[in-house]
Amino acid sequence: MESPENESFRDTIGTLDDQGKRAWVYPKKPSGRYYEWRKIVSYGLLAFLFAAPFIKINGNQFLLFNVLERRFNIFGLPFWPQDFYLFVICMLIGVIFIALFTVSFGRIFCGWICPQTIFMEMVFRRIEYWIDGDRNKQRKLDNQPWNSEKIKKRLLKWFIFLIISFLIANVFLAYLIGSDKLISHIKDGPTEHLGTLFPLIIFTAVFYFVFAWFREQVCIIACPYGRLQGVLLDNKSIVVAYDHKRGEAENGRKKFRKNEDREALGHGDCIDCFQCVNVCPTGIDIRNGTQLECVNCTACIDECDHIMESINLPKGLIRYASEDEIEKKEKFKMTPRIKGYIAVLTILVGLLSGMLLLRNDVEANILRLPGQLYEHKEGTIISNVFTYKLVNKTTKEIENIHFKLRKFDGVIKVVSNSETFNVPPQDLAQGTLFIEIDQKDLSGDKNRLMIEVYSNDELIETETVNFLGPRSYN
């Protein structure tokens with residue numbers, strides 16, 4: 001591990017050279033047990049990512065984030081603007097969950113779950129290895145003149161990158177506007193829906209730029225999550241760590257020599273082969289300790305284990321470990337901060353579960369028309385005018401909607417051509433209604449009324465309103 005006096009690597013990010021220019025990273029193709037596990041996790045998540053917009057639960061898209069129309073589906077549960085508080089709680093649960101895992105296990109989210117890392121390392125990078133070759137071949141290809149071999153490989157790679165970016169953009173749009181609408185627009189042809197075509201082109205260009213050129217800079221420069229490490233991580237957090245106690249020993253690292261007694265010479269197990277640096281997708285040296293650029297991808301663990309195995313030394317020189325485990329041999333245990341995050345997460349999940357159980361499939365809002373007072377009708381009848389809005393959150397039409405008063409003798413008249421009406425699936429119905437009540441049944445100028453909303457003979461929602469009447473001077 002670098003001494004405090006020699007920490008110049010912290011003065012700049014790992015992908016810049018001494019002149020401040022972009023230092024292109026040519027990571028060695030990783031291999032090993034962690035990489036195999038990551039492939040299984042990554043391709044499972046990719047399958048989920050591409051399938052989720054096309055999965056339906058009770059007619060609702062499994063995941064939908066329609067920001068423009070303010071409609072969201074999370075795990076098949078629809079959230080409307082009226083449910084925004086539930087959506088906020090869902091987002092808070094997600095943030096606390098990621099924070100809990102960061103405090104406990106470092107940037108495991110970045111290395112194993114983040115879509116940026118999965119697409120970059122498991123899709124685009126693997127295509128690059130297939131076309132351009134491993135680290136040394138890629139560097140050689142970049143430095144050679146533009147001959148037929150280089151042109152052919154570059155055009156092939158860029159074309160495949162563009163096609164994949166286009167597919168990702170389509171899936172991204174499916175999350176935003178809905179898979180049914182996207183498929184409909186594709187069938188109609190691009191010229192019929194320019195409002196969809198232009199965003200699709202923009203998203204394709206953005207994804208192509210990110211994965212073909214910007215790459216690891218997203219994690220280092222653009223993503224704020226890496227900078228949260230300084231706040232969330234502590235000495236007890238499990239991260240991808242270099243065991244400097246074992247690797248450096250008393251006299252530091254030394255190149256490997258066969259039949260040499262390293263222990264007698266006071267040298268650690270690190271043979272300074274730089275393979276952990278060569279395989280890193282962000283170009284850092286994990287032996288310098290926890291750094292902003294590290295995404296916990298475990299490539300250095302696999303590579304170091306392979307080197308240790310080849311020279312008959314114990315594996316685990318680089319491993320998942322906390323700083324306290326390396327320094328004090330302390331095993332991981334739950335800290336008060338972790339327990340606090342778990343408590344907050346439990347409360348939020350319980351709160352969300354209770355609210356979802358109490359949430360109706362139909363939401364009614366009935367409000368007295370602003371600025372309107374009561375009106376005298378024939379005899380002693382008092383009338384108030386109200387506006388109503390009924391939101392149908394289901395995928396089925398709600399039929400024969402009508403209103404009734406609870407505990408009051410009165411009449412509700414809906415301003416429409418019929419006494420009942422229907423609410424289309426995942427839509428709303430709104431209009432105006434009059435409530436007429438005999439003055440003798442009122443108690444002063446303000447009266448609380450309970451309005452029942454029925455579909456056929458089934459009570460589906462209730463709403464409380466204020467009914468104005470003449471002031472009593474008794």
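User: What makes Lys56 and Asp180 a salt bridge?

Analyst: Keep in mind that this is a predicted model. The closest N and O atoms of Lys56 and Asp180 are 2.8 Å apart. The cut-off is a Lys or Arg side-chain nitrogen within 4 Å of an Asp or Glu carboxyl oxygen, so the pair qualifies. Lys56 sits in strand S1 and Asp180 in helix H7, 124 residues apart.

User: Why is Lys56 called partly exposed?

Analyst: Its relative accessibility is 36%. Buried means under 20% and exposed means over 50%, so Lys56 falls in between.

User: How do you know that Arg215 and Glu128 form a salt bridge, and what does the pair tie together?

Analyst: The N to O distance for Arg215 and Glu128 is 2.8 Å, which meets the within 4 Å rule. Arg215 lies in the loop between helices H8 and H9, and Glu128 is in helix H4, so the pair ties together parts that are 87 residues apart in sequence.

User: Are those two buried or exposed?

Analyst: Arg215 and Glu128 are both buried, so each has under 20% relative accessible area.

User: What makes Arg253 and Asp272 count, and where are they?

Analyst: Their closest N and O atoms are 3.9 Å apart. That is within 4 Å, so the label holds. Arg253 is in the loop between H11 and H12, and Asp272 is in the loop between H12 and H13.

User: Which residues are joined into one salt-bridge network?

Analyst: Glu128, Asp132, Asp142, Arg154, Lys157 and Arg215, through salt bridges that share partners. By the same rule, the count for the model comes to 34 salt bridges.

User: Why are S3 and S5 called edge strands?

Analyst: The open sheet runs in the order S3-S4-S5, with antiparallel pairing. S3 and S5 each pair on one side only, which makes them the edges.

User: How do you know that S4 and S5 pair?

Analyst: Pairing needs at least two bridges, and 3 join S4 to S5, so they qualify. In S5, Pro78 is the bridge partner of Asn73.

Notes
Residues are numbered from 1 along each chain as its sequence is written. This is a predicted model: local features need pLDDT of at least 70, side-chain atom pairs count only at pLDDT 80 or more; totals for chains, interfaces and linings use all residues. Side-chain values use heavy atoms; hydrogens and water are left out. Helices (H or I, at least four residues) and strands (E, at least two) are DSSP runs, numbered from the N terminus. Buried means under 20% relative accessible area, exposed over 50%, partly exposed in between (1.4 Å probe, protein chains only).
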